[in-house]
Amino acid sequence: MKGFLGTGATFYADINLVVQIAMGIALLVGRQLAKKKNFQAHKICQSSVMLLNLLMIFLIMVPSFYKQVQPQIPAGLKDAYYLSAFLHAALGTLAEVLGLYIVLVAATNLLPAKLKFDRYRPWMLTELTLWWLVILFGLGTYYFWYIRTAPVKQPVIIAPNYKPADAKVTVKISNFQFEPKELTIKVGTTVEWTDESGRHTVEADDNSFKSEVLQAGGKFEQKFDTPGSVPYFCGLHGDKGGKMMSGVIKVEP
Ligand SMILES: [Cu+2]
């Protein structure tokens, strides 16, 4: 499902971006509440942000991290695309744990006296600074993932009516879609996928082929020697069974 901010992002990535910025602002507002000695409202505001963020982490960020980032570590870390996501995740985990700890100390009686602290200010200032640093890395991740996709302009021949065998037919990858989504070819034809923007993979539902993670300008090709229908998907944005970013090659005898 496409997002609403007009970038290449998915709906959930856009929701997450907006909520993250809103939470960062809520924490700044909450800090003003404490300065005005409105401690009850301050407590409610900051604790709500910590709990809402915990929800966002488990619903959106952790699944995305395991699917898209974790397999590329450590080799991918020299690439800003993965490095920003990794730093965001690492510092974000720290910020969330620290935040929950502060909430436990300041708003509950659950911790023994040994684990508590009295001087709230330095703890809370550290947390607020760390939190905004995490938001900056989050914005960086959003930029590298969904905005800086640098589309490659090249002539692409789409030939859905292609007949002769032993030739190459191209499927474009752009806007989180395969174009054409459904391609009919004669047996013996090679299909070449060309990635025009973003990172994607090409993987057969039956595991008969699987590309590396392609970047803009990247290509992957596969020859089809057996008649039949071969459904495939992008491992980052789709799934087996024609879910989301997926396509099918129909091989005619
Ligand atoms: Cu994809």
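H200 and C234 are both buried, where buried means under 20% relative accessible area, exposed over 50% and partly exposed in between, with a 1.4 Å probe and protein chains only. The model is a predicted one, in which local features need pLDDT of at least 70, side-chain atom pairs count only at pLDDT 80 or more, and totals for chains, interfaces and linings use all residues. Residues are numbered from 1 along each chain as its sequence is written, and side-chain values use heavy atoms, with hydrogens and water left out.

For comparison, the ideal angle for four tetrahedral donors is 109.5 degrees.

H200 sits in the loop between β4 (190–195) and β5 (203–204), while C234 is in strand β7 (residues 228–239), so the pair ties together parts that are 34 residues apart in sequence. Helices (H or I, at least four residues) and strands (E, at least two) are DSSP runs, numbered from the N terminus.

Stepping back to the whole chain, the protein has 4 helices and 8 strands, in the order α-α-α-α-β-β-β-β-β-β-β-β. Its radius of gyration is 24 Å, well over the 18 Å that the globule rule gives for 253 residues, so the protein is more spread out than a compact globule. That radius is taken over C-alpha atoms, and the rule is 2.2 Å times the number of residues to the power 0.38. The C-alpha trace spans about 80 × 35 × 30 Å along its principal axes. Of the 253 residues, 42% count as buried.

L100 is part of helix α3 (residues 80–107) and, at 25% relative accessibility, counts as partly exposed. Beyond its neighbours within four places in sequence, L100 is in contact (heavy atoms within 4.5 Å) with M50, L51 and L54. L100 and S47 are 53 residues apart in sequence, yet their C-alpha atoms are 7.8 Å apart in space.
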